[in-house]
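I opened this model to look up ring pairs, charged contacts and nonpolar surface.

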Amino acid sequence: MVSESFVHACAGGAGGLVSMTLTYPLMGISTRAAVDRSKNPGESLLKAVTTVIAKEGVRGLYDGLSSSLIGIGVANFVYYFFFEAARDFIVTSKRLARSTSGKLGTLTTLESIVAGLIAGTATALISNPIWVVNTRQTVRVTQKDEDSTIGTKKVVKRLSFLETLRSIVEKDGVKALWKGIGPALVLVTNPVLQYTVFEQIKNWVLKSRLAARGGKVTDQPLLRDIDFFWLGALSKLIATSITYPQIVIKSRQQALSNDNAYSQKKVNVWTAMTDVVQEEGFGGLYRGISSKLLQSILTAAILFASKERIYNITKALLVQA
């Protein structure tokens with residue numbers, strides 16, 4: 001019998017692929033803005049999109065998509081697997097202990113946070129190398145110049161996922177694949193906040209709708225696809241708004257090679273944040289937040305809706321099998 005954790009992990013990974021494919025240009029724009037150290041105010045979303053298209057064509061909006069799909073697929077699979085495994089362990093422990101606090105089968109806020117921390121930490125450690133490759137591809141740090149006779153214009157070769165990975169290891173060493181792991185671990189609070197908010201609001205909606213039905217259980221589901229869509233969007237909006245400065249720090253650390261002067265500085269997360277504030281003001285910590293919020297909200301909304309649908313289809317197929 002296939003475990004529930006594995007089914008949730010597969011559904012989460014598949015849902016992540018769908019959502020990332022649909023919203024990737026927004027993520028690319030956000031990443032480029034986040035690593036921009038200039039003191040000029042950020043461009044509007046529309047201006048940023050037109051600038052990329054003018055310089056690199058429409059394809060430029062999808063630089064790094066392949067590594068991003070690998071990253072989101074792996075990250076979501078790992079996160080859902082560990083989250084559901086932790087949830088099952090906590091629920092089973094409560095059942096064995098005959099706990100009277102909270103209903104069996106549901107997690108309290110504290111229990112959701114613990115499960116999220118376990119899942120988030122595992123996800124950050126396992127998926128960080130993929131996001132380093134993705135960031136380098138997106139901001140074109142691993143550019144290779146080819147000979148060109150067309151004036152002084154540089155012909156840039158887009159490196160594949162494996163070529164970028166090889167370039168990073170050869171130039172900066174294997175340790176470079178875990179650049180930005182400090183802020184990445186701090187960012188574990190993002191999915192923790194997101195899923196905690198999601199679970200608590202979802203439970204509230206379920207209780208409200210069940211009460212409206214007089215406590216009667218029917219074949220009509222209490223939550224529809226649109227409910228998972230707006231629940232995912234709302235929970236992600238709250239989480240990303242709170243943790244965005246760490247996304248900026250992580251992107252900048254992952255984008256730099258070891259021969260960069262700033263990269264050679266021994267900076268922790270707090271020092272990196274204060275450096276940004278001193279050089280660029282507080283606005284520097286929120287570079288690209290508009291496109292990131294839009295991308296994150298849409299991604300989360302599509303992910304939760306598609307993940308739930310894929311999970312139900314997968315379960316039905318397994319039952320038939």
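**Set-up.** I am working on a predicted model, where local features need pLDDT of at least 70, side-chain atom pairs count only at pLDDT 80 or more, and totals for chains, interfaces and linings use all residues. Residues are numbered from 1 along each chain as its sequence is written, and side-chain values use heavy atoms, with hydrogens and water left out.

**Aromatic pairs.** A pair of aromatic rings is described by the distance of the centres and the angle of the planes. My rule takes rings of Phe, Tyr and Trp (its six-membered ring) with centres within 6.5 Å; planes under 30 degrees apart are stacked, over 60 edge-to-face, and the rest tilted. I get seven aromatic pairs by this rule. I then looked up F6 and F77. Their ring centres lie 5.8 Å apart and their planes stand at 85°, so I log the pair as edge-to-face. F6 sits in helix α1 (residues 4–34) and F77 in helix α3 (residues 65–96), so the pair ties together parts 71 residues apart in sequence. Helices here are DSSP runs (H or I, at least four residues), numbered from the N terminus.

How exposed is F6? It has 37% relative accessibility and counts as partly exposed. F77 is partly exposed too, at 29%. My cut-offs are under 20% relative accessible area for buried, over 50% for exposed, and partly exposed in between (1.4 Å probe, protein chains only). I also note that F6, F77, F81 and F82 form one aromatic cluster.

**Charge over a ring.** I looked for NZ of Lys or CZ of Arg within 6 Å of a ring centre and within 35 degrees of the ring normal. K307 lies over the face of Y311, 5.5 Å from the ring centre.

**Salt bridges.** I count a side-chain nitrogen of Lys or Arg within 4 Å of a carboxyl oxygen of Asp or Glu. The structure holds eight salt bridges. One of them joins E199 and R87, at 3.3 Å from N to O. This pair links distant parts of the chain: E199 is in helix α7 (residues 189–212) and R87 in helix α3, 112 residues apart.

Which other partner does E199 have? E199 also bridges to K202, with the closest N and O atoms 3.7 Å apart. The two are three residues apart in helix α7, which means a separation of about one helical turn. I note E199 at 10% relative accessible area, buried. K202 is buried as well, at 17%.

Next I checked D227 and R224, whose side chains meet at 3.6 Å, N to O. D227 is buried at 2% relative accessible area, whereas R224 is partly exposed at 48%. Salt bridges with shared partners join E84, R87, E199 and K202 into one network.

**Nonpolar surface.** My patch rule takes residues with over 30% relative accessible area and no salt bridge; nonpolar side chains (Val, Leu, Ile, Met, Phe, Trp, Tyr) are joined within 5 Å, like charges within 9 Å. Areas come from the Shrake-Rupley method with a 1.4 Å probe, and for residues only the protein chains shown count as cover. I find a nonpolar patch of about 710 Å², with F229, W230 and L294 among its residues. The elements giving two or more residues to the patch are α8 (225–255) and α11 (289–320). Helix α8 gives the largest share, seven residues. F229 lies in helix α8 and is partly exposed, at 33%.
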